Amino acid sequence: MVTFKKVYFLTLILSLVKLLLAFITFSTNNLDFGSQVIGYDEISWQNSSLFFYENGLGFDAIKASFMQDNAFMNGGWPYMIGLFHNIFGAQYTNAIIVRIIIFFIAANSLYRLLLDKGHRKTSAIISVLFLSFYHPFLAADATYLRDDLIVYMIILLLRLSSVKSSLGALIAIPLFLVFTYFLVLTRPAGFLVFISLYLFYFRLFRVKHLFFLIPPFIAISVAGQNIFSYTWIFLSTYRPDLGQIAFLSLKYYFGPFPWNMYGVDSGYNPAWYFLTLSIILVSFIFKDFYYFLIKEWKTILALFFVGLFPYIISNQNLDAVGPRQFAMVGPFLFIILYCELITEFLLRLFKARTTTSLQQG
């Protein structure tokens, strides 16, 4: 029987493994401010975090950061790292330590959420392992990229939304507001992913929760006007093309193909994508896959719109659809469509081997 103490121990071990791998990457690449592993975005977020180290953490600094590169998104992940820079000094490794701490909390929160949802313990463990070694996240552990943090914060908001006791709510409400702020100002579409899962998959909605959502929307209206102008520019310049939408949707869910990764310095791992592509294709022969697909169609459709559509629009100006964009919903689609299939397969395999061993004995 898997107890919560055992899960805490498991997630601690996973966190230490991720920390070790991140520091190996950090050391072998001689990483420091101004260097990168995967792409220029790393430099951009490094500079944004250093802005708060150099200019303080007050409201004036936040407003001034909105006028820098990356606009309002500086107030999210870069601000969080800037906070640690101000406490411990400007060190590249602050980003590694912060993300591992948040991963540990998110992994435990995910396990509890899945049990409350009705998933089997084995399925919940498999989902935690997937979250730990999902390649776009593992590759980012030693960087200033924010793709994994977005998913971790979505999980934390879902866990905080599931708190039922009055005493727990006293702690959950301020934390919910803080992480909402960080999520919205890290990637606004991430908050819509949270809403989709909150409403349709985990079904956490309570009327009293409406009061928790008022402050974030007020904050967005008052301090995040750039979000609305940014959204309006997206929508006003978008010219729908059904052929392009179909192609980008396939690229979003299935790409990149592993054989297209060789000789490309992108941080992608062909072996990982071959494994995940194989799981996707093999799942088509199991009827339970279609059962989950039909059962959770609202969640999947919502994730499609809030996870993919902003990038379909922005793809008019740059190639914006790829694994890093899909990573915002990838772990959740794994949970919805695949984790129970894999669990059932492993249990049947174990049962068959046990039966064979007994017969031979």
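This is a predicted model: local features need pLDDT of at least 70, side-chain atom pairs count only at pLDDT 80 or more; totals for chains, interfaces and linings use all residues.
On a 1 Å grid over the protein atoms alone, a cavity is a set of points where a 1.4 Å probe fits but cannot get out, whereas a pocket is an open set with protein on both sides within 12 Å along at least five of seven lines; residues with an atom within 4 Å of a point form the lining. Residues are numbered from 1 along each chain as its sequence is written, and side-chain values use heavy atoms, with hydrogens and water left out.

The chain contains 18 helices and zero strands, where helices (H or I, at least four residues) and strands (E, at least two) are DSSP runs numbered from the N terminus. Of its 361 residues, 48% are buried; buried denotes under 20% relative accessible area, exposed over 50%, and partly exposed the range in between (1.4 Å probe, protein chains only). Contact is taken as heavy atoms within 4.5 Å. Among the contacts in the chain with a separation of 6 or more, 74% involve residues 24 or more positions apart.

The second largest pocket holds about 500 Å³ of space, a volume being the space filled by probe spheres set on grid points that are joined across faces, edges and corners. Its lining comprises 25 residues, and Y253, I280, F326, L333 and Y338 lie nearest the centre of the pocket. At least two lining residues come from each of α13 (242–254), α14, α15 (287–295), α17 (323–326) and α18 (330–360). Helix α14 gives the most, with six residues. By residue class, the lining divides into 22 nonpolar, three polar and no charged residues; Ala, Val, Leu, Ile, Met, Phe, Trp, Tyr, Cys and Pro count as nonpolar, Asp, Glu, Lys and Arg as charged, and the others, Gly among them, as polar.

Beyond four places in sequence, Y273 touches H135, P136, P256, P258, M261, Y268 and P323. From C-alpha to C-alpha, F274 and P258 are 5.6 Å apart in space and 16 residues apart in sequence.

The largest nonpolar core has 98 residues, of which I154, L158, V193, F194 and L197 touch the most other members. Helix α5 (residues 94–117) supplies the largest share of this core, 12 residues. Such a core is a set of buried Ala, Val, Leu, Ile, Met, Phe, Trp, Tyr and Cys residues joined through side-chain atoms within 4.5 Å. In soluble globular proteins, nonpolar side chains tend to be buried together. With neighbours within four places in sequence set aside, L197 is in contact with I154, L158, F202, R203, T299, L303, F332 and I336.

S123 is situated in helix α6 (residues 121–133) and is buried because its relative accessible area is 0%. The side chains of S123 and H119 are joined by a polar contact of 3.4 Å; such a contact is a pair of N or O atoms within 3.5 Å, where within protein one must be able to donate a hydrogen and the other to accept it, and residues adjacent in sequence count only if both atoms are side-chain atoms. Outside four places in sequence, S123 touches C339, E340 and T343.

Loop residues were also considered. N70 is placed in the loop between α3 (59–65) and α4 (77–88), and A71 lies in the loop between α3 and α4 as well. Phi of N70 is near 80°, a positive value in a residue other than glycine, and A71, likewise not a glycine, has a positive phi of about 50°. N70 counts as partly exposed at 22% relative accessibility, as does A71 with a relative accessible area of 24%. Q36 occupies the loop between α1 (4–28) and α2 (41–55) and is partly exposed at 41% relative accessibility. Q36 touches L31, E42 and I43, residues up to four places away in sequence not being counted. The C-alpha atoms of Q36 and L145 are 9.9 Å apart in space, the two residues being 109 residues apart in sequence.
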